[in-house]
Amino acid sequence: MDLQKNITDATTEIFETMIMVDIIAGDPITEKINNFKCSVSGVIGLAGSCKGMLAIHLPDKVAMSITGSFLGMDVTEVDDDVTDAIGELANMVAGNIKMILDEAGNNVTVSIPSCVHGEEYTMDTVSDSQRVVIPFNIDSGQFLVELQIKN
Amino acid sequence: METDLQQQIIDATQDVFDTMLMLPITSGAALADKVYQFKKSVSGMLGFSGDIQGMLTIHCPQNVAFGITEQLLGMSVDSVDEDVKDTIGEMANMILGGIKETFLNQGTDISLAIPTVMAGRSYQVKGVDYASWTTVPFYLDDGEFLVELKLKTLN
């Protein structure tokens with residue numbers, strides 16, 4: 001499975017069709033990133049014939065700008081609108097990845113999303129799984145999409 | 001689904017503490033309010049899907065997470081290291097494993113994702129508003145922890 005391509009295709013499509021913001025995908029990040037500062041992380045579980053998790057990690061200002069574009073309003077703080085939007089963003093990207101995985105012969109379903117926000121927190125997955133992290137750049141900054149899959 | 005979610009959380013959590021940790025706990029009444037804000041805590045989160053979609057989360061203050069880890073691994077811990085994160089993720093896995101069995105006996109089949117563990121000085125964990133929340137507090141010598149079950153409600 002080419003997880004890098006799956007993440008890039010799924011994320012790019014959501015940004016082009018739902019958020020209407022131009023994004024550029026970078027190369028996968030190989031070092032471990034688990035510590036986030038003043039950030040918002042949308043997380044959703046994948047279960048079924050392969051299981052895993054998808055997370056989107058955004059600095060506060062990037063999360064606010066994406067929410068602003070998504071909802072068509074000015075956003076000046078990380079409020080419920082932002083955490084709802086980022087949870088929904090994780091849900092949409094995971095839904096796209098599910099379709100790609102299913103086309104490759106899997107049968108995957110997604111959980112409900114959750115959203116974490118804080119000044120400083122760590123996020124780790126407890127599992128021996130294949131892990132890919134892709135950085136994406138938009139005008140307001142960079143965010144990460146992380147996919148972990150265990151067959 | 002006609003189920004007493006509060007009782008299922010209590011039964012599954014109690015079972016893990018009785019059989020895996022041999023640590024006495026008592027449960028309180030389900031909380032009326034959602035709890036979002038956590039300080040100096042460790043949270044293990046595990047999503048599931050199938051006949052019903054949802055997420056189970058266990059939120060432990062650091063010292064409670066240390067106590068559980070020490071009991072499970074038989075070693076002393078004093079920082080939120082890999083052992084503590086693995087343990088709290090595994091707690092979510094074991095508790096949801098128990099709930100999954102009860103669901104299955106009621107004809108509801110779910111599959112589990114992989115656990116994610118958050119830790120930090122101060123963080124919020126939000127859900128989505130199309131989910132029901134059941135949060136049960138548990139008490140042990142080291143303090144209190146919460147087990148929260150969110151289920152997607154039919155739109």
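Against which elements of chain A do the buried residues of α1(A) pack? I took this as my starting point, noting that the model is predicted.

**Entry 1: helix α1 of chain A**

I found that the buried residues of α1(A) pack against α3, β6 (130–138) and β7 (141–150) of chain A. I then listed these buried residues, which are A:L3, A:N6, A:I7, A:A10, A:T11 and A:F15. They cover an arc of only 145° around the axis, which puts them on the same side of α1(A). On the other side of the helix, I noted A:E16 and A:T17 as exposed.

I also checked the length of α1(A), which runs over residues 3–19. At 1.5 Å a residue, its 17 residues should span 24 Å, and the end C-alpha atoms are 22 Å apart, which agrees. After the helix comes A:M20, and I recorded its phi as positive, near 55°.

**Entry 2: strand β3 of chain A**

I next looked up strand β3(A), residues 51–59. Because 8 of its 9 residues are buried, I describe β3(A) as largely enclosed by the rest of the structure. Strand β2(A), residues 35–48, pairs with β3(A) in the antiparallel sense over 8 bridges. Within this pairing, A:S41 stands opposite A:H57.

Leaving aside residues up to four places away in sequence, A:L54 touches A:I44, A:L46, A:A90, A:V93, A:A94, A:I97 and A:L147. In the largest nonpolar core, which has 90 residues, A:L54 is among those with the most contacts, together with A:I86, A:A90, A:V93 and B:I95. Helix α3(A), residues 80–103, supplies the largest share of this core, 10 residues. I noted the general background that in soluble globular proteins nonpolar side chains tend to be buried together.

**Entry 3: the contact between the chains**

How many residues does each chain bring to the contact? I read 34 residues from chain A and 34 residues from chain B. On the side of chain B that touches chain A, β5(B) gives the most, with 11 residues. I divided the residues of that side into 15 nonpolar, 12 polar and 7 charged.

Lastly, I examined how β5(B) meets strand β5 of chain A, residues 114–125. The two strands run antiparallel and are joined by 10 bridges. I noted that A:Y121 stands opposite B:G120 of β5(B).

How values were computed:
Residues numbered from 1 in each chain as written. Chains lettered and ligands numbered in written order. Predicted model: local features only at pLDDT ≥ 70, side-chain atom pairs only at ≥ 80, totals over all residues. Contact = placed C-beta atoms within 7 Å. Helix = DSSP H or I, 4+ residues; strand = E, 2+ residues; numbered from the N terminus. Nonpolar A, V, L, I, M, F, W, Y, C, P; charged D, E, K, R; others polar. Pairing = 2+ DSSP bridges. Core = buried A, V, L, I, M, F, W, Y, C linked by C-beta atoms within 7 Å. Buried ≥ 20, exposed ≤ 12 C-beta atoms within 10 Å, placed from the backbone. Expected span 1.5 Å × (residues − 1). Arc of directions from axis to C-beta.
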